[in-house]
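Thanks for coming. Please have a look at it first.

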Amino acid sequence: MANRDKDLEDEIYDKVVDLTEYAKRQRWWNRVFGNSSGPVAEKYSVATQIAIGGVSGWCTGYLFQKVGKLAATAVGGGLLMLQIANNSGYIQVDWKRVEKDVNKAKKQLKKGTHQASTEMDTVFQKSTEFVKKNIVVTSSFVGGFLLGMAS
């Protein structure tokens, strides 16, 4: 009986060691998402991709609509309160200092314009490549997003 338990323990230990070695050899995304974590077009049919993209786009659009309204209300209310406080005399604005800071920011933006263009080109290229690979899901996501924003 004790011999049988020892053999069972050894067998379980060997399987656990084999599993850990297997996990070490796999890429991290395979461990997280499984072996079928390639492009979306390989995993699902077109109808499924359109449905997933449409629903997720609609949900995102709806969420952005609600959050956008809340943010616009908060910013507008804050600006209104600042204007009331300014007219009531609670706030004194140094407009010369504001103008100086705005001009300083303009100069910094003009300097950094050429540096940002190369970074934007690579971001644009990566985005274009992603869209080409996942065109069905992306287009249905955008369509669902627009529908969500409209509702």
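This is a predicted model: local features need pLDDT of at least 70, side-chain atom pairs count only at pLDDT 80 or more; totals for chains, interfaces and linings use all residues.

Val93, Trp95, Val98 and Val102 form a nonpolar patch on the surface. Together these four residues have about 360 Å² of accessible area.

Val98 sits in helix α5, which covers residues 95–133. Is Val98 buried, exposed or partly exposed? Its relative accessible area is 36%, and because buried means under 20% and exposed means over 50%, Val98 counts as partly exposed.

The surface also has a charged patch. Asp5, Asp7, Glu9, Asp10 and Asp14 gather there, and the charge of the patch is negative. Asp7 belongs to helix α1, residues 2–25. With a relative accessibility of 46%, Asp7 is partly exposed as well.

Now the overall layout. The protein has 6 helices and 0 strands. Read from the N terminus, the order of elements is α-α-α-α-α-α. How much of the protein is buried? Of its 151 residues, 7% are buried.

Next, helix α4. This helix runs over residues 46–88, which is 43 residues. From the first C-alpha to the last, α4 reaches 61 Å.

Which residues of α4 are buried? They are Gln49, Gly53, Gly57, Gly61, Gln65 and Ala85. You can pick out the glycines among them, Gly53, Gly57 and Gly61, on the display.

After α4 comes Gly89. The phi of Gly89 is positive, near 95 degrees.

To go back over the surface: there is a nonpolar patch that includes Val98, and a patch of negative charge that includes Asp7. That is what I have for today.

Conventions:
Residues are numbered from 1 along each chain as its sequence is written. Side-chain values use heavy atoms; hydrogens and water are left out. Patches are made of residues with over 30% relative accessible area and no salt bridge: like charges are joined within 9 Å, nonpolar side chains (Val, Leu, Ile, Met, Phe, Trp, Tyr) within 5 Å. Accessible areas come from the Shrake-Rupley method with a 1.4 Å probe; for residues, only the protein chains shown count as cover. A salt bridge is a side-chain nitrogen of Lys or Arg within 4 Å of a carboxyl oxygen of Asp or Glu. Lys and Arg count as positive and Asp and Glu as negative; His and the chain ends are not counted. The place of a charge is taken as NZ of Lys, CZ of Arg, CG of Asp or CD of Glu. Helices (H or I, at least four residues) and strands (E, at least two) are DSSP runs, numbered from the N terminus. Buried means under 20% relative accessible area, exposed over 50%, partly exposed in between (1.4 Å probe, protein chains only). The expected span of a helix is 1.5 Å times one less than its number of residues.
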